Amino acid sequence: MSRLVVISNRVPVPDKKKAAPAGGLAVALRAALSERGGIWLGWSGNSSGDENPGDLSILEDGNITYALTDLTDRDVEEYYHGFANRVLWPICHYRLDLADYGRKEMTGYFRVNRFFAERLVPMLKPDDTIWVHDYHLIPLASELRQMGVKNRIGFFLHIPLPPADVLFAMPVHEEIIRALAHYDLVGFQTDHDLANFVGALEREGIGRSLGNGRLASFERRFRGGHYPIGIETAAFAGFAERAAHNSMVRRARDSMADRPLIIGVDRLDYSKGLTQRIDAYERFILENPRHQGNVTYLQVTPKSRSEVPEYEAMQRTVAEQAGRVNGALGTVDWVPIRYMNRSVARPVLAGLYRLARVGLVTPMRDGMNLVAKEYVAAQDGENPGVLVLSRFAGAAREMSGALLVNPYDIEGTANAIARAIDMPLDERKARWRQMMDHLLEHDVTRWCDDFLRDLTEEEQAGDHPEPV
Ligand code: ADP
Ligand code: F6P
């Protein structure tokens with residue numbers, strides 16, 4: 001087996017003093033890499049100011065070697081805050097209204113991708129398998145190819161890929177698609193995302209499907225596939241079983257005194273549908289007065305990307321909204337919404353999920369949404385909770401036992417919460433079993449194996465994606 005070299009913008013730098021960063025990519029990749037071992041190159045999360053970032057920091061942790069680079073202030077501003085998080089993120093989450101395109105940011109994005117390629121090349125061996133992750137690093141393969149790298153290079157997009165009409169609103173969409181054609185394999189979360197990619201290729205005649213996952217675009221041949229990301233199902237279920245002894249989980253349980261808990265766990269991001277979710281919860285309480293003073297909603301939401309104006313504005317909006325609902329509905333001995341802007345350790349998170357009768361996962365759009373899967377994995381099979389899940393999360397394609405909702409439909413979501421709270425035990429068990437069986441079979445190891453098998457298999461078939 002060749003050595004695996006993973007590159008992503010965000011890397012969960014091992015640090016015993018800090019909680020791991022929230023975010024699906026870091027959580028899933030660490031799980032996948034810790035079994036297989038390899039090199040993980042990415043951003044340290046630090047800025048070097050105006051100075052050149054200097055040498056890579058190398059950290060060994062188990063069988064993973066982390067290679068971390070600082071970025072300059074300008075890089076962080078243009079590449080990360082600017083193009084990645086104010087152009088690609090909103091557009092891929094169908095929020096054209098929030099996209100703020102600028103040439104300076106776009107140039108910074110390509111410049112930083114070149115910089116990552118320059119940092120990577122000296123570390124590479126000829127038979128390494130290279131796996132690039134997420135929207136920050138789409139141009140990396142084309143930069144590596146220009147530097148003469150011939151290794152197999154795969155790319156996985158953790159977020160949705162929208163249909164052509166949305167994608168093409170981005171002025172540089174053609175460069176982005178051209179960059180993807182430099183990979184050997186491009187992986188998406190769902191068949192919808194893959195179909196959107198093929199649709200985008202075909203719409204302007206810049207590529208086509210050759211059948212069987214084979215694609216041609218910009219005079220290159222490569223492959224596309226869908227690989228729904230999973231979680232460490234068995235390990236997470238183990239955390240949840242043992243969490244009853246954790247003091248934070250115990251405090252939460254004691255404070256509930258057997259009353260039902262609804263849980264939401266998300267980065268503070270506009271794609272997660274937090275304002276609509278709070279509206280739906282408020283509506284549920286108003287329409288089911290017997291639950292006033294009974295059901296509590298706990299929302300655990302670490303702040304995210306706070307330097308980006310849309311995120312900063314959202315932090316105020318959600319805090320004000322939670323405060324307003326608590327003011328309007330709360331009583332001397334009951335707070336309707338417990339709102340926390342904090343990351344918690346994974347064993348604690350698992351324990352909190354297990355306490356909750358309802359997992360409320362209602363993004364307006366999401367590539368996969370690992371929280372939905374973690375909530376299910378954490379349940380007690382003898383008395384499981386109910387997953388209420390947005391139909392616009394990639395996870396909805398797999399979680400057949402969830403109550404699916406349209407998060408734009410506040411009344412519909414409120415009704416689903418009521419149904420979940422009152423669902424009989426037999427139905428809860430049957431729905432949970434279906435989902436848990438799926439999660440045990442399709443865990444993060446399987447996701448990693450499936451992708452890497454397809455990435456390396458083609459090599460054996462002698463079908464290296466050369467220019468056609
Ligand atoms: P995204 O990648 O957009 O953040 P996902 O739901 O796919 O969304 O992944 C989020 C990951 O971050 C999950 O593994 C979840 O457990 C973790 N996470 C989210 N919020 C918290 C939190 N408050 N504390 C700890 N981990 C969190
Ligand atoms: O999983 C999607 C994702 O965008 C990852 O690429 C990213 O690491 C995570 O969400 C959290 O965002 P950030 O790295 O910007 O904190």
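**Around the ligands**

I looked up ligand 1 and found 17 residues surrounding it, the closest being Ala 22, Gly 24, Val 27, Ser 343 and Leu 370. A residue is near a molecule if its C-beta atom, placed from the backbone, lies within 6 Å of it.

I noted that this is a predicted model, where local features need pLDDT of at least 70, side-chain atom pairs count only at pLDDT 80 or more, and totals for chains, interfaces and linings use all residues. Residues are numbered from 1 along each chain as its sequence is written, while chains are lettered from A and ligands numbered from 1 in the order in which they are written.

Which helix gives the largest share of the shell around ligand 1? H13 does, with three residues. Helices here are DSSP runs of H or I with at least four residues, and strands are runs of E with at least two, numbered from the N terminus.

I traced an open sheet of ten strands with mixed pairing, in the order E3-E4-E2-E1-E5-E6-E7-E10-E9-E8. Its edge strands, E3 (57-61) and E8 (207-211), each pair on one side only. Two strands pair if DSSP finds at least two bridges between them.

I then checked E9 (residues 214-217) and E10 (residues 220-226): they run antiparallel and are joined by four bridges. Leu 215 stands opposite Phe 222 in E10.
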